[in-house]
Amino acid sequence: MKKLILTLFVTAIFSLPAAAKDVLTIYTYDSFAGDYGPGKAVKAAFEKICDCEINYVALGDGVAVLNRLKLEGNETKADVVLGLDTNLTAEAQATGLFGKHGVDVKQALVPGGWSDDTFLPFDYGYFAVVYNSEMMKNPPKSLDELVNGDASQKIVLEDPRASTPGLGLMLWMKQIYGDKAADAWKKLKPRILTTAASWDDAYALFTKGEAPMVFSYVTSPAYHMEVEKTDKYQAANFAEGHYLQIEVAGLIEVSPHKTLAQKFMAFVLTPDFQNEIPATNWMMPAAKTSTPLPAAFDKLVKPAKTLLYLPEEVAAHRREWIDEWQKAMN
């Protein structure tokens with residue numbers, strides 16, 4: 001009888017369902033979590049060491065991620081946010097949603113160094129006009145040539161209200177033209193085929209041949225060189241310099257999985273994360289990798305000058321400058 005009871009007990013124990021793993025919810029942008037982005041490899045690598053599951057919530061582009069967080073407030077489901085950039089960090093911090101990351105920032109290797117104890121860089125790159133050299137033999141050599149160039153040579157842009165590249169172009173225009181930015185937008189308007197909601201949408205139109213130019217990154221041609229084995233897509237080297245984007249991760253202070261979120265933040269600057277950035281997100285890694293950069297990176301434009309606003313400057317003027325852009329586009 002005792003043997004029967006013991007057998008039944010052991011059977012019952014092994015029949016119990018496995019304990020559910022903690023789920024780390026990460027808000028990010030579409031291309032990070034998409035089929036060809038770094039999200040899958042990052043998820044697999046982190047899940048090996050965390051005894052958890054990652055759940056990505058893809059929300060279009062970086063500005064859309066911030067807009068979602070503002071709507072949700074303390075009711076947000078996010079534990080970690082991946083895909084804001086330094087143009088948004090001051091505004092994001094003002095929400096009161098983000099906690100300290102607790103990571104040694106000396107590991108971060110980005111232009112200008114890093115000291116922010118709330119947001120952590122995970123990659124960086126320079127914005128650029130990318131063109132199809134088979135459709136366009138004389139690309140613009142400056143922002144001024146883009147603004148004043150042939151209106152029949154169209155460009156696809158991104159919306160600064162929803163997209164970090166769209167915001168980046170708006171800030172680039174403001175840095176170069178200052179108080180005359182509205183006039184520059186009006187001059188550029190005839191060249192704009194359309195203004196897409198996200199980088200993904202804009203780049204898809206470009207690669208389908210809808211326009212010979214798109215607003216993207218200096219590193220974008222590396223994808224085509226490495227994966228598609230073509231160099232027909234190139235970044236135009238602008239005389240005024242190029243605007244820098246540093247993309248960041250942040251943890252939500254009220255997250256019920258804060259310890260796990262802090263573990264993920266520490267993971268961001270390790271080679272297991274950073275190795276995935278160059279050949280899937282097609283950006284520059286923000287810390288040391290254990291693998292070399294793709295060979296195509298040696299062929300990319302090297303900006304002569306770095307353009308960048310402080311996060312506080314962007315937070316103070318973003319609404320005003322977007323209003324300026326909207327009026328010029330109407």
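**Figure 1. The largest pocket of this predicted model and its lining.** The largest pocket has 25 lining residues, and those nearest its centre are Ser31, Trp199, Asp200, Tyr203 and Trp282. On a 1 Å grid over the protein atoms alone, a pocket is an open set of points with protein on both sides within 12 Å along at least five of seven lines, and lining residues have an atom within 4 Å of a point. The space in the largest pocket comes to about 610 Å³, where a volume is the space filled by probe spheres set on the points, and grid points are joined across faces, edges and corners. At least two lining residues come from each of α7, α9 (199-207), α10 (220-228) and α13 (277-281). Helices (H or I, at least four residues) and strands (E, at least two) are DSSP runs, numbered from the N terminus. Helix α9 provides the largest share of this lining, five residues. By class, the lining of the largest pocket holds 11 nonpolar, nine polar and five charged residues. Here Ala, Val, Leu, Ile, Met, Phe, Trp, Tyr, Cys and Pro count as nonpolar, Asp, Glu, Lys and Arg as charged, and the others, Gly among them, as polar. Residues are numbered from 1 along each chain as its sequence is written. In this predicted model, local features need pLDDT of at least 70 and side-chain atom pairs count only at pLDDT 80 or more, while totals for chains, interfaces and linings use all residues, and side-chain values use heavy atoms, with hydrogens and water left out.

**Figure 2. The second largest pocket.** This pocket contains about 310 Å³ of space. Its lining is made of 16 residues, with Thr86, Trp114, Asp116, Leu310 and Pro311 nearest the centre. Helices α5 (89-93) and α14 each give at least two residues to the lining, and the largest share, three residues, is from α5. Eight nonpolar, six polar and two charged residues make up the lining of the second largest pocket.

**Figure 3. The largest cavity and the residues around it.** One cavity of 30 Å³ or more is found in a search of the whole structure. A cavity is a set of grid points where a 1.4 Å probe fits but cannot get out. The volume of the largest cavity is about 40 Å³. Its lining consists of Leu157, Glu158, Pro160, Gly166, Leu169, Met170, Trp185, Thr195 and Trp325. Strand β6 (155-158) and helix α7 (164-177) each contribute at least two of the lining residues, and α7 gives the most, with three. Six of the lining residues are nonpolar, two are polar and one is charged.

**Figure 4. Helix α8 against helix α14.** The axes of α8 (residues 181-188) and α14 (residues 311-329) come within 9 Å and cross at roughly 40 degrees. Axes are lines fitted to C-alpha atoms, for helices over the stretch in contact, and angles run from 0 to 180 degrees between N-to-C directions. The two helices are therefore oblique to each other. Angles under 35 degrees count as roughly parallel, over 145 as roughly antiparallel, 65 to 115 as roughly perpendicular and the rest as oblique. The crossing of α8 and α14 is right-handed, a term used if the near helix is turned clockwise from the far one by less than a right angle. Ala181, Ala182, Trp185 and Lys186 of α8 are in contact with Glu324, Trp325, Ala328 and Met329 of α14, where contact means heavy atoms within 4.5 Å. This contact of α8 with α14 has six nonpolar, no polar and two charged residues.

**Figure 5. Helix α7 against helix α14.** The axes of α7 and α14 come within 11 Å and cross at roughly 90 degrees. That angle makes α7 roughly perpendicular to α14. Leu167, Met170, Leu171 and Lys174 of α7 make the contact with Val314, Arg318, Trp321, Ile322, Glu324 and Trp325 of α14. Seven residues of this contact are nonpolar, none polar and three charged.

**Figure 6. Helix α3 against helix α11.** Helices α3 (residues 39-50) and α11 (residues 258-268) pack at an angle of about 125 degrees, and their axes are 11 Å apart. Helix α3 is therefore oblique to α11, and their crossing is right-handed. Val42, Ala45, Phe46, Ile49 and Cys50 of α3 make the contact with Leu260, Lys263, Phe264 and Phe267 of α11. Eight of the residues in the contact of α3 with α11 are nonpolar, none polar and one charged.
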